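Hi everyone, thanks for coming. Please have the sequence and the model open while I talk.

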Amino acid sequence: MRQNPARRAALLDAAIEVLAREGSRGLTQRAVDKEAGVPVGTASNYFRNRDELLVQTGARVYERLDPGEDALAEQLAPVRDAASYAALMRQTVARITAFRSGYLALLELRLEATRRPGLRTLLTERVRADVDANVARHGDAGLPGDATGVLLLYLAMNWLVVEELTLPDVLPEAVRDELITSAVQRALLSPGPDTE
């Protein structure tokens, strides 16, 4: 297998675009070659088979969505109350939706994972690690709320992103903004059922 990292990244970026546009059925090595503008057979030099291409495409989406530890620390530094936390959630949603093809590719990969155990294992491990890291970062930063609140917010923001990318006219932008504010307040600042 070839090891040119820049070429591999370009092929995976092309795979993301194909996956987002054509769905998982359209993701073939030939389609990736065409999207990347490389000679036919190039993708097959980098990925043994379609399963490997799917798995590595998923890893590439997460790599591109990850802002990095320094950027995350910088984003978390000013967060101390519901308003600043809601602002952080708006920034996060904006960052994710700006990479529209990546998130749509992830949705396709999640659907494909229902049929491919190896892909499901990879995505499960990756998402679980991201969720655990978010909960830990939240606690380490001394932010309000608990792990359950962070998980509720994670789920709410993910579906908000799905709604915005797939059916953007369902909720006007002002409503989405207010929902983010409400989600932060309810998930992180409201007392849980055990504390009432």
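Predicted model: local features only at pLDDT ≥ 70, side-chain atom pairs only at ≥ 80, totals over all residues.

Residues are numbered from 1 along each chain as its sequence is written, and side-chain values use heavy atoms, with hydrogens and water left out.

Let's begin with the whole chain. It has ten helices and zero strands; helices here are DSSP runs of H or I with at least four residues, strands are runs of E with at least two, and both are numbered from the N terminus. The C-alpha atoms fill a box of roughly 60 × 35 × 30 Å along the principal axes. Of the 196 residues, 38% are buried, and buried means under 20% relative accessible area, exposed over 50%, and partly exposed in between, with a 1.4 Å probe and protein chains only. Now take the contacts between residues at least 6 apart in sequence: 68% of them join residues at least 24 apart. Contact means heavy atoms within 4.5 Å.

Next, please find helix α7, residues 100–113. Helix α7 packs on α8 at an angle of about 125°, with the axes 8 Å apart. Those axes are lines fitted to C-alpha atoms, for helices over the stretch in contact, and angles run from 0 to 180 degrees between N-to-C directions. That angle makes α7 oblique to α8; under 35 degrees would be roughly parallel, over 145 roughly antiparallel, 65 to 115 roughly perpendicular, and the rest is oblique. The crossing of α7 and α8 is left-handed, which is the term when the near helix is turned anticlockwise from the far one by less than a right angle, with clockwise giving right-handed.

Which residues of α7 and α8 meet? From α7 we have Leu109, Arg110, Glu112 and Ala113, and from α8 we have Leu119, Arg120, Leu123 and Val127. By class, the contact of α7 with α8 has five nonpolar, no polar and three charged residues. Here Ala, Val, Leu, Ile, Met, Phe, Trp, Tyr, Cys and Pro count as nonpolar, Asp, Glu, Lys and Arg as charged, and the others, Gly among them, as polar.

Let's stay with α8, residues 117–140, and bring in α9, residues 147–166. Their axes come within 9 Å and cross at roughly 130°. That makes α8 oblique to α9, and the crossing is right-handed. The α8 side of the contact includes Val127, Val131 and His138, and the α9 side includes Val150, Leu151 and Tyr154. The residues of this contact divide into seven nonpolar, two polar and no charged.

Now some single residues. Is Ile16 buried or exposed? Ile16, in helix α1, is buried, with a relative accessible area of 0%. Among the residues Ile16 touches are Thr57, Val61, Phe99 and Ala105. Val61 is 45 residues from Ile16 in sequence, yet their C-alpha atoms are 7.3 Å apart.

Gly41 sits in the loop between α2 and α3 and is partly exposed, at 24% relative accessible area.

Technical notes. Lists of a residue's contacts leave out its neighbours within four places in sequence.
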